[in-house]
Amino acid sequence: MDFSLTEDQQAARELAVTIFKDLSTHERLREVEATESRFDDKLWAQLAGSGLLGLSVPKAQGGEGLGFLESCVLAEEAGRSAAAVPVVATLVLGAAPIAAFGSEALRDRWLTGVCSGSTILSGALEEPGGDPFAPVTTATADGGGWRIDGTKTCVLSGMLADALVVPARLDGEAAELFVVPCDANGVSRTRQVPTSGQPEAHVELDGVRVGPDDLLRPTGGGNLEWLVERAEAALCVQMAGACKAAVEMTARYTSERRQFGKPIAEFQAVGQRAADAYVDAEAVRLTAWQAAWRLDAGLPASAEVAVAKFWADDGAQRVVHGCQHLHGGVGVDRDYPVHRYFLMIKHLALTLGGTSQSLLRLGDILAYGPGSRSGSAPHEEPAPA
């Protein structure tokens, strides 16, 4: 596997680094965190104006028509700067399945606004006490369309979203994906505040009626697995960016902080703790990019995604704990930026399930094959439209 970026991907990364570095500063983040939405609209507008939000959007809707890796490049830099923008929610949970499985009319309705920054999307993949791969939300035939009933929780950027991609069991059978406008009758959202402080949404779907075109091309459950695996991989890449930033910040601090006449980085215990954090951060990065690369290449990646999610959930928490520890009292000062990475990792590590769920899923894959859960029949990987 060659994880090196193409020239176009490297150019996109360099542009993203510049924008996030200039606009997602510690001072700007403190301003945004004082607002109810905690959404950096200026940064979002700049990302749209630079064309970065449209990298993975089809050309017919004003994008560049590139792939999943380009979205991951942006996700990593968003994590690295702790940016208050819904990169993964909009580009991966929302836009990606619409681009892959939606009709041309549905793409025109939602993806053009993603490129311009006027539309925010997300995916409602989690249910209270449920499994993202096995939703209990239902979709029943209703005239020429569908009626959706159920409850979704911890929806990333759900209070900002204009529409949600919602998994629901079609007439009690396999789960399929529907696009639900957030202003539709029967949709109610309640603000949730997770560890990171970035608002999420608890969503009640009570007799929500959607049209026939709002059903993404049925695949017998395969497109739900397609979406969840990409969502997990993108979150892992975002966490890898956060780990990298936390380790870099800790390296600077321990090199500058002096005790007994020399930098504390020269003390053996400090160096060992920093080295452990670096090794874990590299493991998070490599497993995340391996999963993302395989997904982008259209290769089987269920096991690699489960491994990446485990490392991101487990290893990333060791990284940020180590970084907080090495900062001493400064690490718990909210006027110092390292705390954002700690809170972000604690939040994202539990999104779509934590370490136990990742290991259980990996065990099922090893025992029964990709696409299986506790002996269920595997799903076939759907082909994008």
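Colleague: What is the relative accessible area of Cys-154?
Modeller: Cys-154 has 31%, so that residue is partly exposed (buried is under 20% relative accessible area, exposed over 50%, partly exposed in between; 1.4 Å probe, protein chains only). Cys-72, at 0% relative accessibility, counts as buried.

Colleague: What model is this, and what are its limits?
Modeller: This is a predicted model: local features need pLDDT of at least 70, side-chain atom pairs pLDDT 80 or more, while totals for chains, interfaces and linings use all residues. Residues are numbered from 1 along each chain, and side-chain values use heavy atoms, without hydrogens and water.

Colleague: What is the mean pLDDT of the protein chain?
Modeller: The mean is 93, and 96% of the residues reach 70 or more (pLDDT is the predictor's confidence in each residue, from 0 to 100). Over residues 375-380 the pLDDT is below 50.

Colleague: How are two packed helices described?
Modeller: By the angle between their axes and the distance between the axes. Here H4 (residues 68-80) and H8 (residues 268-296) pack at about 155°, with axes 9 Å apart. The two helices are therefore roughly antiparallel (angles over 145 degrees).

Colleague: Which residues of H4 make the contact?
Modeller: Phe-68, Leu-69, Cys-72, Val-73 and Glu-76, contact meaning heavy atoms within 4.5 Å. Their partners on H8 include Arg-285, Trp-289 and Trp-293.

How values were computed: Axes are lines fitted to C-alpha atoms, for helices over the stretch in contact, and angles run from 0 to 180 degrees between N-to-C directions. Helices (H or I, at least four residues) and strands (E, at least two) are DSSP runs, numbered from the N terminus. Angles under 35 degrees count as roughly parallel, over 145 as roughly antiparallel, 65 to 115 as roughly perpendicular and the rest as oblique.
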